[in-house]
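Welcome! Here is a short tour of a helix and a strand, meant to be read with the model open beside you.

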Amino acid sequence: MIGIIDYGMGNLRSVEKAFEYVGYEAKIIKDVDSVKEAHALVLPGVGAFPDAMDTLIKTGMLEEIKRQIDKGKLFLGICLGMQLLFEKGFEIKETEGFKIFKGQVIELPKHNKIPHMGWNSLEIKRETSLLKGVENGDYAYFVHSYYVANNEEKYVYAVTDYGVQIPAVIIKDNVFSCQFHPEKSGKVGLKILKNFGEMAKWF
C-alpha cells in the first residue's frame, strides 16, 4: 500500500486516484502508525512551506517519515512535498525543512509571471527508473511560486526552464521527488507514478 501523507492541504484524492488508475493501491494517511505501516510514502504538494512543516511536526509525522526514509522506505515528494526535503524555505518566513537534501527554496525571479502555472518541457539529465518511458522534451504540469536553488547538481535528474533553470526531478537513494504534479501531467505523469509503484515492490 502506498501511503499519501495528509498534512491538511491540497487535493490528495487526485494523487490517490492516479495511483489507482495505474494499478496500485493507495491510501490517504495522517498519523504516525499509518506512516509506519505504509509500504511506500508520498508527500504531495499544495500549500505553504511553514504551514506544512508545522502540521508535520505537531502530528509527530515529521520524525516518523524521516525514520522510515532512514530505514530505506521508498519516498516520493511532489511539488511542495519536494521542497520540504531541503534545508530551508523562505515562503512567508524562513523555515527549516527535512534537511535530506542540501539547498534552499526561494521565490522565482519576478521577470516571469508568478506563479509558474502550466506545461513545461523536461530536460532529462540522467537516467532513472522513475523516468522510464519519459522522453527528453516531454511536458509536465507545474504550479509553484518557489523553487529549489543552491542544490547539489549530482542529485538532479531533470530540469525545466522558466527564465531560470528549475530542478524538476531530484533523487537520492530511496528518496524521489519532482517539482511538477505527475497526477496532473497526463500520460507522462501516469508513467512516473506507475514507475514509482513498480519500484515500491523492490523496497
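Which residues of helix α3 (residues 49-58) are buried?

## Helix α3 and its buried face

In this predicted model, the buried residues of α3 are Phe-49, Pro-50, Ala-52, Met-53 and Leu-56. Looking down the axis of α3, you will find these buried residues within an arc of 160°, so they line one face of the helix. The background is simple: an α-helix has 3.6 residues a turn, so residues three or four places apart point the same way.

What lies over those buried residues? The cover includes β1 (2-5), α4 (61-70), α5 (80-83), β5 (88-89), β6 (95-96) and β7 (104-107). Following α3 comes Gly-60, and its phi is positive, near 85°.

Now turn to strand β14, which spans residues 175-178. Val-175 and Ser-177 point one way from the strand, while Phe-176 and Cys-178 point the other way. Buried or exposed? Val-175, Phe-176, Ser-177 and Cys-178 are all buried.

## The partners of β14

β14 pairs with strand β4 (residues 74-78) in the parallel sense, over four bridges. Within this pairing, Phe-75 has Val-175 as its bridge partner.

Strand β13 (residues 165-172) runs antiparallel to β14, and four bridges join the two. Here Lys-172 is the residue opposite Val-175. β13 and β14 form a hairpin with two residues between the strands, and in this hairpin Asp-173 takes a positive phi near 55°.

Notes: Residues are numbered from 1 along each chain as its sequence is written. This is a predicted model: local features need pLDDT of at least 70, side-chain atom pairs count only at pLDDT 80 or more; totals for chains, interfaces and linings use all residues. Side-chain values use heavy atoms; hydrogens and water are left out. Buried means under 20% relative accessible area, exposed over 50%, partly exposed in between (1.4 Å probe, protein chains only). Two strands pair if DSSP finds at least two bridges between them. The arc is that of the directions from the helix axis to the C-beta atoms. Contact means heavy atoms within 4.5 Å.
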